[in-house]
Amino acid sequence: MHIEMNASLLISIIIPVFNRSHLIEETLQSILTQDYKNWECILIDDDSTDSSVEVIQNFIKKDQRFKFYRRPLSKKKGPSSCRNFGYKKSKGSWIKWFDSDDILKSNALSTLTPFLNNNFDVVISSLEYVNYNKIKIDKKHCFLSDNLIDDYLVGNISFYVCTPTWNREFLEQRNQLFDEDIYNLDDWDFNLNMLYKNPKMKFINDSLMFYRIHENSLSNELIKLNFNEIKSEFRARDKHLELLEINKKANPILLKKFIKNRYSYFLRLAMIQKHPKRVYFLISLLKRELLLFDFLGFFKTLTGFLVYRIFNRGYRLIK
């Protein structure tokens with residue numbers, strides 16, 4: 001069945017920006033060259049100290065569909081705060097959250113538009129992973145599942161912040177959008193909160209954007225053991241443990257085991273890197289193992305850590 005595109009439909013693309021002058025020009029150019037023209041791009045600067053604002057202002061001179069705001073000083077710093085503020089400034093009937101280092105394919109919005117109607121609360125597409133130079137990375141984007149919440153909870157599938165496009169009518173019914181106390185896993189937290197509300201969903205297999213993985217991307221910050229980012233991750237995951245106890249949308253044991261494995265992962269990294277927070281990760285992992293009554297795991301973890309401290313080896317015991 002042929003579906004007509006609704007060219008009058010306004011799509012709001014909302015982007016928080018912090019020190020992305022070396023990347024955001026390509027992001028904005030990818031929006032400017034969309035073959036679907038009825039969009040607005042709301043850019044919220046999060047107190048950048050580089051030339052990001054200058055790059056944005058140059059695009060505003062080219063096209064007034066780009067709209068620039070600074071995060072109010074009264075609002076918390078971070079992407080969640082910027083996205084919430086940008087949403088209030090937006091006018092579109094459909095909302096696309098976006099990151100300042102990602103790139104839309106030129107047909108992205110025109111591919112989405114036929115599905116943007118009141119039959120759906122969200123339309124979710126796919127993406128391609130690329131490096132800093134836009135060279136494709138051999139990694140498959142998994143976003144389809146028969147057990148959606150279970151698999152999203154433990155990272156078997158991912159939407160990120162940028163692949164869903166949300167019906168404003170659905171978002172207007174939510175008490176909260178992005179949690180401004182979370183700045184790592186803010187997209188995971190947001191998408192889960194929306195999934196708990198049983199949205200009417202449409203999945204399309206088309207890859208509509210390039211998702212950059214580069215030196216300053218979040219995954220690399222975690223590998224570098226950025227402690228603030230790691231603490232924010234576990235704050236988000238513990239929040240959803242509490243929510244699952246109330247809403248019963250999934251078995252909390254799934255997430256408890258996943259959190260334990262994440263602490264194990266960070267402990268091994270910390271031991272290899274001789275990171276000063278390795279004892280913190282040890283204690284956190286031991287606590288999670290006790291909560292799961294995983295006494296064998298508790299013993300292996302403690303033994304592995306002690307062997308490591310004495311002989312500088314043994315972290316492989318920690319799984």
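# Close-up views of a predicted model

View 1. Asp50 touches Asn19, Arg20 and Ser21, leaving aside residues up to four places away in sequence; contact here means heavy atoms within 4.5 Å. This is a predicted model, where local features need pLDDT of at least 70 and side-chain atom pairs count only at pLDDT 80 or more, while totals for chains, interfaces and linings use all residues. Residues are numbered from 1 along each chain as its sequence is written, and side-chain values use heavy atoms, with hydrogens and water left out. You'll find Asp50 in the loop between strand 2 and helix 2 (52-62). Helices (H or I, at least four residues) and strands (E, at least two) are DSSP runs, numbered from the N terminus. Asp50 and Asn19 sit 31 residues apart in sequence, yet their C-alpha atoms are 5.5 Å apart. Asp50 counts as partly exposed because its relative accessibility is 29%. For the cut-offs, buried means under 20% relative accessible area, exposed over 50%, and partly exposed in between (1.4 Å probe, protein chains only).

**View 2. Leu153 in the largest nonpolar core.** A nonpolar core is a set of buried Ala, Val, Leu, Ile, Met, Phe, Trp, Tyr and Cys residues joined through side-chain atoms within 4.5 Å. The largest one has 90 residues, and Leu28, Trp97, Leu153 and Leu171 touch the most other members. Helix 10 (residues 252-273) gives the most to this core, with nine residues. Leu153 itself belongs to helix 5 (residues 148-153). With a relative accessible area of 0%, Leu153 is buried. Leave out the neighbours within four places in sequence, and Leu153 still contacts Trp188, Leu192, Tyr196, Arg237, Leu244, Ala250, Leu255 and Phe258. Pro252 is 99 residues away from Leu153 along the chain, and their C-alpha atoms are separated by 9.6 Å.

View 3. Rings of Phe, Tyr and Trp (its six-membered ring) pair if their centres lie within 6.5 Å; planes under 30 degrees apart count as stacked, over 60 as edge-to-face and the rest as tilted. Searching the whole structure turns up 24 aromatic pairs. Trp166 and Phe170 make a stacked pair, at 5.7 Å centre to centre with 15° between the planes. Both Trp166 and Phe170 are buried. Elsewhere, Phe227, Phe234, Tyr263, Tyr265, Phe266, Tyr280 and Phe281 form one aromatic cluster.

**View 4. Lysines over rings.** A charge sits over a ring if NZ of Lys or CZ of Arg is within 6 Å of the ring centre and within 35 degrees of the ring normal. The charged end of Lys277 is over the ring of Phe227, 4.6 Å from its centre. Lys139 lies over the face of Tyr129, 4.5 Å from the ring centre.

**View 5. The second largest pocket.** A pocket is found on a 1 Å grid over the protein atoms alone, as an open set of points where a 1.4 Å probe fits, with protein on both sides within 12 Å along at least five of seven lines; lining residues have an atom within 4 Å of a point. Grid points are joined across faces, edges and corners, and the volume is the space filled by probe spheres set on the points. This pocket holds about 300 Å³ of space. Of its 13 lining residues, Gln176, Asn193, Tyr196, Lys197 and Leu243 are the closest to the centre. Helix 7 (186-195) and helix 9 (227-247) each supply at least two lining residues, and helix 9 gives the most, with four.

**View 6. Two covered helices.** Ten of the ten residues of helix 7 are buried, so helix 7 is largely enclosed by the rest of the structure. Helix 3 (residues 79-89) is mostly covered too, with eight of its eleven residues buried. Those eight are Ser80, Ser81, Cys82, Arg83, Asn84, Phe85, Gly86 and Tyr87. Their cover includes strand 1 (11-17), strand 2 (39-45), strand 3 (66-70), strand 4 (94-97), helix 6 (168-172) and helix 7.

**View 7. Two loop residues with positive phi.** Leu185 isn't glycine, but its phi is positive, near 70°. Leu185 sits in the loop between helix 6 and helix 7, and counts as buried because its relative accessibility is 14%. Lys248, also a residue other than glycine, has a positive phi near 60°. Its place is the loop between helix 9 and helix 10. Lys248 has 60% relative accessibility, so it counts as exposed.
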